[in-house]
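Colleague: Please take me through the packing in this model, one point at a time.

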Amino acid sequence: MINSLDYQTLQRTAERRRSLYDLSADLPITTEELHGLLRDILRTTPSGFNSQTARLVLLSGAEHRQAWDVIQRCVQPLTEPAAFEKTVAKMDGFRRAAGTILFFEDGEILRDLEQRFPKFANNVPLFSAHTSAMHQYAAWTQLAALNIGANLQHYNPVADDALKAAFNLPQAWELHAQMVFGGILSPTAKPREQKRPVEERLVVLGEK
């Protein structure tokens, strides 16, 4: 074990980050503290070309529930009638949580990067996905550190336009994920699954 308190704390927090679905609207922190957490994430999380393309939308209360009403309406035409009852039950679970973070990327800045750096233009969408993923992981891990449960959803691109219209968000923003969060009612008892041994996924070269 590495003899570093910072490392051990970070690793314990990473272990606590799990997909949790039985969530409540009660949080162990104040609204302003939650705002500060997201501001810190935006301030400290890296981005391709330091372009700071991530755009986070925090929804709580009626707006949080509205988001899942919107998504449910978007999903219904694509769902078999026999299966839609399960979809509604899943959405109800999301609505019972405290809030949702929508993770967007600013498409206007991304198109500008493609113009300014033509040699990397084809990779700009990939860099954007990396940027969004880092913000998602930072938020999820920091919520776990505060004993706040979360799960990550991807009802995009199905609900992109409808969500932007519902909350008057810029059309150029590109939705990457939706993170539902709330108080933890039932911690998961499921062990962390390793589908492939770590030894198969790590290559070590060079001197010890």
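Modeller: Contact here means heavy atoms within 4.5 Å. The model is predicted.

Colleague: Leaving aside neighbours within four places in sequence, with which residues is Leu163 in contact?
Modeller: Leu163 is one of the residues with the most contacts inside the largest nonpolar core. With its neighbours within four places in sequence left aside, the partners of Leu163 are Ala67, Val70, Ile71, Leu102, Leu169 and Leu175.

Colleague: Which helix gives the most to this core?
Modeller: The largest nonpolar core has 23 residues, and Trp68 and Ile71 are also among those with the most contacts inside it. At least two residues each come from strand 2 (54-60), helix 3 (61-75), helix 4 (81-95), strand 3 (99-106) and strand 5 (173-184). The top contribution is 6 residues, and it comes from helix 3.

Colleague: How many residues are in the other core?
Modeller: That core lies apart from the largest one and includes Ile41, Leu143, Ile148 and Ala177. Its residue count is 20.

Colleague: How many residues of the contact of helix 5 with helix 6 are charged?
Modeller: Helix 5 passes helix 6 in a right-handed crossing. Leu110, Leu113 and Glu114 of helix 5 meet Val124, Pro125 and Ser128 of helix 6. Of these residues, 4 are nonpolar and 1 is polar, and the number charged is 1.

Key:
Residues are numbered from 1 along each chain as its sequence is written. This is a predicted model: local features need pLDDT of at least 70, side-chain atom pairs count only at pLDDT 80 or more; totals for chains, interfaces and linings use all residues. Side-chain values use heavy atoms; hydrogens and water are left out. A crossing is left-handed if the near helix is turned anticlockwise from the far one by less than a right angle, and right-handed if clockwise. Helices (H or I, at least four residues) and strands (E, at least two) are DSSP runs, numbered from the N terminus. Ala, Val, Leu, Ile, Met, Phe, Trp, Tyr, Cys and Pro count as nonpolar, Asp, Glu, Lys and Arg as charged, and the others, Gly among them, as polar. A nonpolar core is a set of buried Ala, Val, Leu, Ile, Met, Phe, Trp, Tyr and Cys residues joined through side-chain atoms within 4.5 Å. Buried means under 20% relative accessible area, exposed over 50%, partly exposed in between (1.4 Å probe, protein chains only).
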